[in-house]
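The stops below are meant to be taken in order.

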Amino acid sequence: MPHDEAISLEQLGITGTMVAYYFICQRKLWLFSKGLNLENISGNVDVIKGKILHESRFKRETHKEFAFDTVKIDFLRFGEQVFVHEVKKSKKFEKAHVWQLKYYIYLLRGQGVNCSSGVIHYPASMRKVEVTWEDDDNLCMEHALKSINQVVEEPVPPAVLNKKMCSRCAYFDFCYS
Ligand code: SF4
C-alpha cells in the first residue's frame with residue numbers, strides 16, 4: 001500500500017542507519033546526518049566485526065537486495081512473500097535494530113511488495129529475532145520519520161547523553177573532548 005504523500009522519502013533521504021540511530025541517540029543521528037560517519041572511518045571494533053559477520057553470513061545464502069536511493073535491503077523471497085534480513089553483532093540495541101528492519105518493511109510495502117516480516121540475525125550469540133509488521137506500525141514509523149527529519153533540521157546537535165553506553169560509542173571522542 002503506497003504511503004501518505006506527506007512523507008516524501010526521497011526528500012528526507014533517511015537511511016536505515018539513521019532510523020537505528022534515532023532510537024539509540026539523537027545526537028548521533030544528527031552528527032551522522034551531517035556526514036560525520038565515524039563508524040566507517042574510526043576503526044570501531046564492533047562496527048568492523050558487524051560488517052565481517054554480515055559478509056560471512058550471507059555469502060553462503062542465495063539472497064537478493066532491493067536498492068532504494070538511500071538504502072539497500074537484504075531479503076529472501078518465498079513465493080509471493082518477501083522476508084527482510086539484517087545481521088547485527090550485538091543485541092544491545094535490539095529495539096533500534098527492530099525499527100531499522102521495520103523501516104525496510106515500510107519501504108517495501110510502500111512499493112507494493114508483499115512483506116510483513118523479517119529476521120534480525122545475531123550470529124555472535126547464535127540468536128535471531130523475528131520481526132512482524134503490526135497494525136499500528138505504519139503510524140509509529142511515520143511519526144519516527146517526521147521526528148528524524150526534525151532532529152536533522154536542527155541547526156545544532158542535541159545534547160550529549162552522558163550515559164554509560166557513550167564510552168563504547170564511535171563518537172565518544174567527538175562528544176567528550
Ligand atoms: S558518545 Fe554518547 S552522546 Fe555522543 S553520539 Fe555517542 S551515544 Fe550519543
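**Before selecting anything**

This is a predicted model: local features are given only where pLDDT is at least 70, side-chain atom pairs count only at pLDDT 80 or more, and totals for chains, interfaces and linings use all residues. Residues are numbered from 1 along each chain as its sequence is written.

**Stop 1: the whole chain**

Show the protein as a cartoon. Its secondary structure comes to eight helices and five strands. Helices here are DSSP runs of H or I with at least four residues, strands are runs of E with at least two, and both are numbered from the N terminus. Read from the N terminus, the order is α-α-α-α-α-β-β-β-α-β-β-α-α.

Of the 177 residues in the protein, 28% are buried. A residue is buried if 20 or more other C-beta atoms lie within 10 Å of its own, exposed if 12 or fewer, and partly exposed in between, with C-beta atoms placed from the backbone. Two residues are in contact if their C-beta atoms, placed from the backbone, lie within 7 Å. Among contacts between residues at least 6 apart in sequence, 65% join residues at least 24 apart.

**Stop 2: helix 2**

Select 16-24, which is helix 2. Is helix 2 enclosed or open? Seven of its nine residues are buried, so helix 2 is largely enclosed by the rest of the structure. The buried ones are G16, T17, M18, V19, A20, Y21 and Y22. They pack against helix 3, helix 6 (94-110) and helix 7.

**Stop 3**

Eight of its eight residues are buried: Q26, R27, K28, L29, W30, L31, F32 and S33. These pack against helix 2, helix 7 and helix 8. After helix 3 comes G35, with a positive phi near 95 degrees.

Now look at the pair together. The axes of helix 2 and helix 3 come within 6 Å and cross at roughly 150 degrees. Axes are lines fitted to C-alpha atoms, for helices over the stretch in contact, and angles run from 0 to 180 degrees between N-to-C directions. Helix 2 and helix 3 are therefore roughly antiparallel, a term used for angles over 145 degrees.

To see the contact itself, show side chains for T17, M18, Y21, Y22 and I24 in helix 2, which meet Q26, K28, L29, F32 and S33 in helix 3. The residues of this contact divide into six nonpolar, three polar and one charged. Ala, Val, Leu, Ile, Met, Phe, Trp, Tyr, Cys and Pro count as nonpolar, Asp, Glu, Lys and Arg as charged, and the others, Gly among them, as polar.

**Stop 4: the ligand**

Which residues are around the ligand? Select C25, R27, K28, V160, L161, M165, C166, C169, Y171, F172 and C175. The shell divides into nine nonpolar, no polar and two charged residues.

In the loop between helix 7 (137-153) and helix 8, pick N162. N162 has a positive phi near 55 degrees and counts as exposed, with 8 C-beta neighbours inside 10 Å.

**Stop 5**

Select 72-78 and 81-87: strand 2 and strand 3 run antiparallel and are joined by five bridges. Strands pair if DSSP finds at least two bridges between them. R77 stands opposite V82 in strand 3. Two residues lie between the strands, and G79 in the turn has a positive phi of about 60 degrees.

**Stop 6**

Move to strand 4 (117-122) and strand 5 (127-132). Six bridges join this antiparallel pair, and S117 has T132 as its bridge partner. Four residues lie between the strands. M126 in the turn has a positive phi of about 50 degrees and is exposed, with 7 other C-beta atoms within 10 Å.

**Stop 7: K91**

Finish in the loop between strand 3 and helix 6, at K91. K91 is partly exposed, with 14 other C-beta atoms within 10 Å. Leaving out residues up to four places away in sequence, K91 touches Y122, S125 and R127. K91 and R127 are 36 residues apart in sequence and 9.0 Å apart in space, C-alpha to C-alpha.

Terms used. A residue is near a molecule or strand if its C-beta atom, placed from the backbone, lies within 6 Å of it. Angles under 35 degrees count as roughly parallel, over 145 as roughly antiparallel, 65 to 115 as roughly perpendicular and the rest as oblique.
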